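Please consider the following points while examining the structure.

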Amino acid sequence: MKKVLGALLLGATIVSAFIAYSMYTNHSAKQTAAIEQKQAAKKAEKKTEKKKKPVLKVEDLTYQLKDSRTGQVMKEFKPVHYKDKDVYDQEIKQLASELAKGIDTPMQNIKMDANGSLTGGSKQIILKEAELVKNLQNLNTKQLDVKVPIYETVPNVTAASAQGIADVSLASYSTRFRPSDTSRNRNVQLSAEAINNVVLGPGDSFSYNRTVGERTAERGYQPAPEIINKQLVMGIGGGICQTSSTLFNAIDGAGLQVTARSHHSKHVGYVPAGRDATVSWGGPDFKFTNNKDYPVIIKAYANVNTGVLTVDVRTSQHAI
C-alpha cells in the first residue's frame, strides 16, 4: 500500500512540475513575442519617419553671404540653379561681379608735401571674385554661411622709410613741347602737378588715370588736339599723354614694373616710336608697380617758358 501511495505522489509531483513548466514556457514565449512585436513596431515606425522626413537639398536652402572682415551679412542667396552647372556658374559670376562693383576701391597713393611730410593716401579694397565663385560652387547643407573674401592693402610707406627719399635719382626723362601752345601746355602742366611728389612704397601700384583724375573744364583742363583713331581731334585735356609717356620712360629707366600700357594709334613726336603711353578717361590707362624693396618718389615739372617736361624717379641714398 505504501508503495502505491508513493508512486501516486511521485506521479502527481511530476504532473504538477510539467504543468508549471508548461505554464512558464507559454508565459515566456508570450513575453518574447510581445518584445519582438514591440521591436518590429519601432523599426517600422523609424522607417516611416525616415520616409516622411524630407531630404535637404542645396537648391532649397537660403545662404548668407558674409563679409570676411566683419562677419556682417551682405546678401542672402538662394542657389535655385545649383544642379544646372552652366547656368549656375554664370549666375554666381555675375553675382560676384556686382558685389565687387560696390566694394572695390583703388589705392590712393601717398604724397609728400613741401615740408617733407607724408599726406593723403587710402587703402585698396578688393573683393576676390574668383574666390567667391569657388565658395559658391562648393555649398553644402550643413554650413549656410558663405565667406565673401574681401582684402585690404594700405600704402606701404611710413615717415621713417621715406626719410631722404628725394636724395638720389634712379632715372630721369625729359620731353619738349611748344611754349606757344598755351592750352595744351596747361594740360601738360596740370597733369605733371598731379603726379608730382607721389610716393610709392614696396609693392604699391600706380594708376595714371586714378592719380590725375578726370580731365574736365571745371578742373582747369583746356581743349587741345589729341589722337583718336589715327586722327587729330580737339578734346578737353589734349596733351596729357605727353606726361604719361614721359612718366613711362622715367619709370622704365628706373626699373619699375609696368603693368598696363597702350600705344597711340599713330606716332607722336615727343618720344621715339613705341615709347609712348596713351591714356583716356574710362579707356586706356598707364599703370605700374614699385617692385623695389624700398620706396620711391616721382618728381614731375613742366616748364611752360622753356617747353620742357621732366619726370624724375628718386629714392634715398641709404636705400640703394
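1. The axes of helix H4 (residues 182-195) and helix H6 (residues 240-254) come within 7 Å and cross at roughly 45°. H4 and H6 are therefore oblique to each other (angles under 35 degrees count as roughly parallel, over 145 as roughly antiparallel, 65 to 115 as roughly perpendicular and the rest as oblique). Axes are lines fitted to C-alpha atoms, for helices over the stretch in contact, and angles run from 0 to 180 degrees between N-to-C directions. Helices (H or I, at least four residues) and strands (E, at least two) are DSSP runs, numbered from the N terminus.

2. The model is predicted: local features need pLDDT of at least 70, side-chain atom pairs count only at pLDDT 80 or more, and totals for chains, interfaces and linings use all residues. Residues are numbered from 1 along each chain as its sequence is written, and side-chain values use heavy atoms, with hydrogens and water left out.

3. Asn197 lies in the loop between H4 and strand E9 (198-200). Its phi is near 70°, a positive value in a residue other than glycine. Most residues other than glycine have a negative phi. Asn197 is buried, with a relative accessible area of 16% (buried means under 20%, exposed over 50%, partly exposed in between, with a 1.4 Å probe and protein chains only).
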